[in-house]
Every structure is written in structure tokens, then in C-alpha cells.
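Please look over the model below.

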Amino acid sequence: MLKMENIAKVYRTDVVETHALKEFSLEVNEGDFVAVTGPSGSGKTTFLNIAGLLETYSAGRYFLDGNDVSGISDAARSRVRNEKIGFIFQGFNLIPDLSLFDNVDVPLRYRGFSSKERKQRIEQSLDTVGLSNRMRHLPAQLSGGQQQRVAIARALAGSPRFLLADEPTGNLDSKMANSVMTLLQEINQQGTTIVMVTHDPGLAAQAKRNIHVRDGQVSELHEVNTEHTRDVVNG
Amino acid sequence: MMSYYLRLAFISMRRNPVLSSLMVLAIALGIGACMTTITVNYLMSNNPIKHKSDVLFHVQLDNWGPFEAAVDPNDPPYQLTWTDATNLQQAQQGIRQAAMAKSGGVVEPADPNIKPFQAGYRLTYSDFFSMFDVPFLYGSAWDKQADENARHLVVLTKEINETLFGGKNSVGQSVTLSGEVFTIVGVIAEWHPIPKFYDLNNDDFGRPSELFIPLQLKRTMKLPSWGNVNCWKSPDEEGFEGFLNSECVNFQFWVELDNPAERSDYALFLDNYVNSQKELGRFPRPLNNRLNNVQQWLEYNEVVADDAQIMMWLSLMFLAVCLLNTIGLMLSKFMGKSSEIGLRRAVGATKGDLFIQHTVETACIGVAGGLLGLGFSFFGLQGLRALYGEFAHKLTSLDMNMAILAVVIALVSTILAGLYPTWRACSIAPASQLKSQ
């Protein structure tokens with residue numbers, strides 16, 4: 001599903017060169033729910049941005065759904081993001097002037113669906129997150145947890161193959177965080193692959209697999225459900 | 001998708017009403033100033049008889065003195081003498097031709113309730129009306145016999161017919177001009193050529209003379225010479241006949257020639273005529289005749305005033321300054337939407353999608369600025385009218401062409417101004433914005 005081989009990402013300025021990822025290798029299988037943990041600055045978000053084709057990388061190869069996406073054009077990357085990937089951000093990233101319906105509609109607009117199909121998908125995904133009765137509300141009229149549910153509905157509306165979540169519960173209290181986490185687990189059980197970056201070991205423990213990133217490399221992998229730990233790849 | 005982009009544009013404008021209003025206002029001010037001066041220039045440079053511009057020719061003959069040209073560096077005088085104007089008229093070498101001059105006098109209405117008033121006369125020949133396609137409301141022009149016999153016939157403008165007869169059909173009625181009774185043969189409809197191409201000596205943008213009468217009445221009624229009179233030497237004889245026989249110029253002459261061959265023939269005729277006059281001791285200068293069609297004549301006379309052109313260029317520069325301000329405001333507005341742009345990129349919008357979205361928004365601002373600018377131009381032109389009065393009256397009307405031009409200029413210039421902010425918006429790296437919200 002997602003396979004990275006020796007990915008490197010270097011940020012360069014006039015005076016300094018920062019290696020955000022070094023020989024980063026990882027494979028995520030279909031139906032996985034992977035939690036990525038690690039200290040601040042370890043490269044978790046850089047990994048997620050590269051996985052979501054939001055950033056390019058300096059070296060290595062990246063296969064998504066079996067296709068090498070290393071050298072594809074900017075427009076092709078947009079198409080892949082639109083069709084295969086759903087994003088959930090810590091800050092929800094909802095557009096404040098648009099209703100929930102229109103927020104969920106955003107990725108569908110770039111997909112070329114008919115208005116009938118868009119409407120159907122929006123209603124279905126808002127129903128999945130339990131907000132179908134508030135479609136015409138603005139984001140500001142919702143609580144943080146509800147806003148994150150809208151963001152999840154937006155990510156789901158296009159039926160992506162996998163979801164990338166960057167600290168999806170980082171701005172929520174524990175009750176709301178658990179409810180969002182439960183929702184993500186349900187989505188995963190329905191077959192969507194999820195990669196989630198988090199600081200919270202409790203939430204990470206609810207994923208099927210844990211990946212720990214340190215200094216831009218995968219330092220360890222845990223199979224949470226089998227409680228089996230193995231040393232890794234980059235060892 | 002276009003309706004979606006339009007909706008997003010209106011939402012975006014509503015989101016920052018102050019910033020959006022400032023942009024619209026900046027564009028409107030620039031467009032308003034531009035359109036005010038462009039309209040004045042456009043009307044000044046208008047060719048009022050485009051469809052016949054190539055077949056109507058203004059005649060100049062160089063009857064000036066041997067030592068100095070009438071117009072520097074070596075141009076003939078703008079007008080003709082009575083002798084030459086009437087000789088060319090009698091020669092009838094064109095399809096139509098009309099000598100003419102400006103005069104004036106007191107009009108005494110038949111109705112005792114209307115006070116006598118002074119009015120301008122256009123002394124001319126009957127061909128004037130057909131040559132210049134003058135439209136008639138009532139009646140028609142006088143005939144050629146009336147030209148030859150200097151009959152007391154008059155054609156009124158619509159305005160003076162309103163004054164004298166309340167706008168009714170006055171053909172066959174009488175009116176007293178300069179103490180002599182005239183019969184009205186026609187009333188012309190609205191006819192205000194701008195500029196007044198057939199006589200550019202004074203008041204290029206003024207109204208046509210209010211009464212048209214046969215030119216030969218100049219001699220029989222000893223009508224005064226209005227407009228410009230220029231002489232390179234004093235008349236040889238005293239009195240009115242002395243003036244008519246002198247080298248003083250006060251008469252215009254227009255001829256209609258349908259094709260280049262006729263024009264060449266007419267030019268040859270003029271050369272022959274001047275040579276024949278030389279034998280009579282006139283025309284001391286070398287042959288220097290001119291035949292200018294309407295457009296050439298307007299350009300030769302530099303009808304568009306220099307200061308009007310300077311004002312137009314200044315206003316265009318002002319528009320450029322307004323657009324620079326708009327660029328700054330737009331940049332600030334689009335950069336304020338960075339997180340939304342980042343999100344749209346993340347969920348699948350290409351740079352092209354975002355470029356179109358923001359160009360549509362820019363275009364909406366441009367159209368709004370253009371429409372408001374049109375309002376400003378209207379007030380600007382009203383201001384000019386208030387400042388310059390009758391002179392500016394005909395130069396300060398916004399027509400449909402100008403209205404469309406205003407919106408098109410606003411649209412194109414705003415889209416151009418928006419290119420840089422739009423490009424910057426499209427270049428936002430999505431990853432840099434998504435974490436920061």
C-alpha cells in the first residue's frame with residue numbers, strides 16, 4: 001500500500017543543512033492502523049507530508065499503491081492526493097466561511113463528481129461522523145471535537161484508500177479525543193488504512209502498529225495487537 | 001466549476017469587506033479619472049462623418065504674400081477669399097461642392113411675443129445639406145436656382161424652430177433676418193457634428209449655426225464676416241466690395257470627390273485655376289494647394305488639444321498608481337488566505353485550479369471597480385461640464401462604447417495587477433500552512 005525505501009529529506013538554507021529524514025524505510029499494508037510517535041523534531045510530520053505527497057524528498061523511492069510516485073508532476077501529485085489520500089490535521093483546517101456541507105464538498109469539487117453524487121457523498125460522510133443534522137452550520141458553531149469530526153468527514157468523502165492524520169486529537173480534551181479515536185478505529189475496521197502521528201502513547205496503543213521515529217529514522221516497530229516487538233529495518 | 005469560483009469570490013470579498021472595498025475604490029478612482037479624460041479625448045478625436053470621410057475634401061489655396069507663408073513652415077491659409085470660393089463654386093468640378101462662411105445678425109420673429117435675438121448664420125450653397133448628409137425634420141434645402149439668385153430662403157435648426165415656432169412645422173412661414181424677410185424652406189433634425197469639422201476656425205466643438213442661408217446673400221445684404229478674417233495685405237478698394245475683392249480669407253470650401261481619379265482631376269483643376277489667377281497678378285507664391293479629406297483635415301488642425309492629451313496620460317499614470325495599490329492590497333488579502341489555499345492544495349486542487357479561482361476573484365473586483373469607476377467618470381464629466389459650460393457640453397457624454405471600455409479596462413488591468421498576488425497564492429507550499437493553523 002505504502003512503501004518507502006531509504007527516503008531522505010534535507011532542508012537547506014545558506015548557512016545550515018538539516019536532515020529531517022535519513023534512510024527512512026517503511027512499509028504500511030492495506031488495512032493497517034499505524035501510529036507514528038517520536039519526540040518533537042524527530043521527523044514525524046516530515047514523514048507524513050512526504051507520505052501525503054505534500055512535500056518532495058531529496059533521495060529514495062516511494063511507492064503508493066504499487067506505483068512509484070517519486071518523479072511525478074505537481075498536477076499528478078494533486079490528483080493522487082485527491083483520489084487516494086484523506087488528510088486530518090491537528091488544527092482541523094476547516095474553512096470558516098463555508099458551511100459543514102461546503103467544507104466537506106471541497107475535495108469533491110476537484111474530483112469532477114456530479115452535483116448529485118457530491119451531495120450523496122457529503123450527506124453520507126457527515127452521517128458517518130454523526131453530524132448530518134448540522135450540515136448548514138458554520139464551523140464556529142461547533143465544538144472542537146465536532147469540528148474534527150467534520151474534518152474526518154471531509155477526509156472520508158472522496159473514499160480515499162488511506163487516511164493521514166497529524167495529531168488529530170492534539171487540540172481536544174481527553175473525552176473528545178477518545179471519541180475521535182473510536183471513530184478512526186471504526187473507519188479502519190471498514191477497511192481504510194490509517195497512518196496517525198501522535199504524541200500520546202495512550203492513543204498510539206489503540207493503533208494496530210506503532211512506529212517510533214528518532215532523528216529522522218524509524219527506530220522501532222511494535223505490533224501492538226500481538227504485543228510483539230521487533231527491531232527494525234534501520235536498526 | 002465557474003459558478004463555484006464565483007461563489008467563492010463573493011464569499012472571499014464578504015470575508016474582508018474593508019480590504020475588498022479599498023481595492024474596488026482604488027480601481028474605481030483610477031478608472032473614473034481615466035475614463036473622464038479618455039471620453040474627452042475620444043469625443044475630440046471623433047470623426048463625425050466617418051462614412052464619407054474619404055470622399056469629402058477641404059480645399060486650401062495659397063494666395064498668401066510672396067515673403068511669408070500664411071502658416072509656418074510653408075502652409076497655405078486655412079480659408080479662401082470670396083473670389084476663389086465663389087469661382088470654385090461656379091466651376092462645379094466636383095460631384096457636389098459648397099463654399100461657406102459664418103455670419104450673423106438679428107432675428108426678428110413674426111410672433112410679437114418673442115423678443116428679437118442675435119443668431120449665427122451659415123452662408124452656404126444647397127449642396128451643403130446633401131454633401132454632409134444633414135437630416136431634415138421638415139421641408140428640404142433650397143434649390144440651385146436660389147443659390148444663383150440669392151433668394152431669401154432659410155433653413156432653421158431644430159433648436160431655433162423650437163424658439164420661433166414651438167417646434168411645429170414652420171416650412172412656408174416667414175422670419176426676418178438682419179432686417180429682410182426670409183421664407184423658411186426646411187428645418188433640420190438634431191445634427192451636432194463633433195468636432196464641427198466643416199469649420200474649425202472657431203469653437204470646434206460648438207453648436208452648428210442656427211440659420212442656413214444662401215452664400216450670395218453675403219454680397220446683396222452686405223452681411224458681416226464672423227469667424228476668422230485674415231489678410232496678407234490691405235484691400236485695394238474701400239468698402240464692402242473692396243473686402244470681397246481683396247486677398248482676405250474668410251470662406252471655407254468643401255468638395256465631394258468619389259474616387260482617387262476624381263481627386264487627381266480636381267487637384268489638377270486647382271493647379272490650373274491658380275495658374276490662371278497668377279496671370280491676373282494674384283498668387284505670388286509657388287503652387288501650394290491642399291486637398292485634405294475629413295480625417296486629414298481634423299488631424300491637420302490638431303483638434304485634440306495638447307492639454308487634453310496630457311491629462312489623459314496623467315490619468316493613465318494615476319490608474320497605474322491605483323493598480324499598484326491594488327496589487328499590495330490583493331497580496332495582503334491572498335496571503336491572509338494561505339491556510340485555506342494550503343488546505344485546498346492538500347485535498348487535491350492543482351495550481352491551475354487555484355489560479356482560476358483567484359483570477360475569478362480578481363475579475364469580480366475589477367468589474368465592481370469598473371462599474372463604480374463608471375459612476376465616478378459620470379460625475380467627473382459633470383464636473384467638467386460645470387467648469388467649462390457650453391464648450392464642454394458635447395465632449396462630456398458617456399456613450400455605450402465608453403461604458404463598455406471602462407469595464408473592459410478595469411477588468412483587464414485588475415487581472416494584470418492580480419497576476420503577481422495570484423501567482424504568489426498558487427505557489428504557497430501546502431505543508432507549510434497546514435500545521436500552522
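**A buried residue in chain B**

Ala98(B) is buried, because 25 other C-beta atoms lie within 10 Å; a residue is buried if 20 or more other C-beta atoms lie within 10 Å of its own, exposed if 12 or fewer, and partly exposed in between, with C-beta atoms placed from the backbone. This is a predicted model, in which local features need pLDDT of at least 70 and side-chain atom pairs count only at pLDDT 80 or more, while totals for chains, interfaces and linings use all residues. Residues are numbered from 1 along each chain as its sequence is written, and chains are lettered from A and ligands numbered from 1 in the order in which they are written.

- Ala98(B) lies in strand 2 (residues 96-108) of chain B; helices (H or I, at least four residues) and strands (E, at least two) are DSSP runs, numbered from the N terminus.
- Leu88(B) is ten residues from Ala98(B) along the chain, and their C-alpha atoms are 9.0 Å apart.

**The sheet in chain A**

- Four strands form an open sheet in the order 2-1-4-5, with antiparallel pairing (two strands pair if DSSP finds at least two bridges between them).
- Strand 2 (17-28) and strand 5 (67-68) of chain A are at the edges with a single partner strand each, so one side of each has no neighbour in the sheet.
- Five bridges join strand 1 (residues 2-12) and strand 4 (residues 59-64) of chain A in the antiparallel sense.
- Lys3(A) has Phe63(A), in strand 4 of chain A, as its bridge partner.

**Where chain A touches chain B**

- Chain A gives 21 residues to the contact and chain B gives 19 residues (two residues are in contact if their C-beta atoms, placed from the backbone, lie within 7 Å).
- Helix 2 of chain A supplies the largest share of chain A's side, six residues.
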